[in-house]
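The following explanation guides a new reader through one structure. Please keep the sequence and the model in view while reading.

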Amino acid sequence: MSDVWPTELRVSKDRRHLLVTFDNGASFDLPAEMLRVLSPSAEVQGHGPGQKVTMPGKRNVGIMSMTPTGNYAVRIGFDDMHDTGIFTWSYLRELGEKGQELFAAYEAELKEKGLSRDPVGKPH
């Protein structure tokens, strides 16, 4: 069970942000790109230790759908057709609280691997 509960989940009109408000008053604006590249899915996290995948080219990704999963999470579908990430309320809160730090680590991984946030064929 989660110790935090969202009171509102709202996708921005441009589909590039998820606005989350929790029952403790905390509110976060989570970019779709961050949600996509830090997805809790096996595609991104791998199936075991050391298998995490760095997802390049997701700068322009948008949120296409949100489907409740039980009463503890939401499955987010993105316009690149990725829809296997189940985001628990706790994980959404963690992304709100530590997202900048986690995204900075992602950007460092991209740089280290010679990858870009931009889709293939787009300038860096």
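In this predicted model, Phe-28 has a relative accessibility of 16% and therefore counts as buried, the limit being under 20%. Phe-22 is likewise buried, with a relative accessible area of 2%. A search of the whole structure finds three aromatic pairs. One of them is formed by Phe-22 and Phe-28: their ring centres are 6.1 Å apart and their planes stand at 65°, so the pair is edge-to-face.

The strands may be considered next. An open sheet is built from three strands in the order β1-β2-β3, with antiparallel pairing. At its edges are β1 (6-11) and β3 (27-31), each of which pairs on one side only. From one strand to the next, the twist averages 15°. Strand β2 (residues 17-22) runs antiparallel to β1 and is joined to it by five bridges; Leu-9 stands opposite Val-20 in β2. Across β1, β2 and β3 lies helix α3 (residues 89-112), which runs at about 85° to β3.

Attention now turns to Thr-54, which is found in the loop between α2 (42-45) and β4 (63-69). Thr-54 has a relative accessible area of 10% and is therefore buried. Its side chain makes a polar contact of 2.9 Å with the side chain of Glu-109, and another polar contact, of 2.8 Å, joins the side chains of Thr-54 and Lys-113. Leaving aside residues up to four places away in sequence, Thr-54 touches Tyr-106, Glu-109, Leu-110, Lys-113 and Leu-115.

Key: Residues numbered from 1 in each chain as written. Predicted model: local features only at pLDDT ≥ 70, side-chain atom pairs only at ≥ 80, totals over all residues. Heavy atoms only, no water. Helix = DSSP H or I, 4+ residues; strand = E, 2+ residues; numbered from the N terminus. Buried < 20%, exposed > 50% of the residue type's maximum accessible area, 1.4 Å probe, protein only. Polar contact = N/O pair within 3.5 Å; in protein donor to acceptor, adjacent residues only side chain to side chain. Contact = heavy atoms within 4.5 Å. Phe/Tyr/Trp six-rings, centres within 6.5 Å; stacked < 30°, edge-to-face > 60°. Pairing = 2+ DSSP bridges. Axes fitted to C-alpha atoms, helices over the stretch in contact; angles between N-to-C directions.
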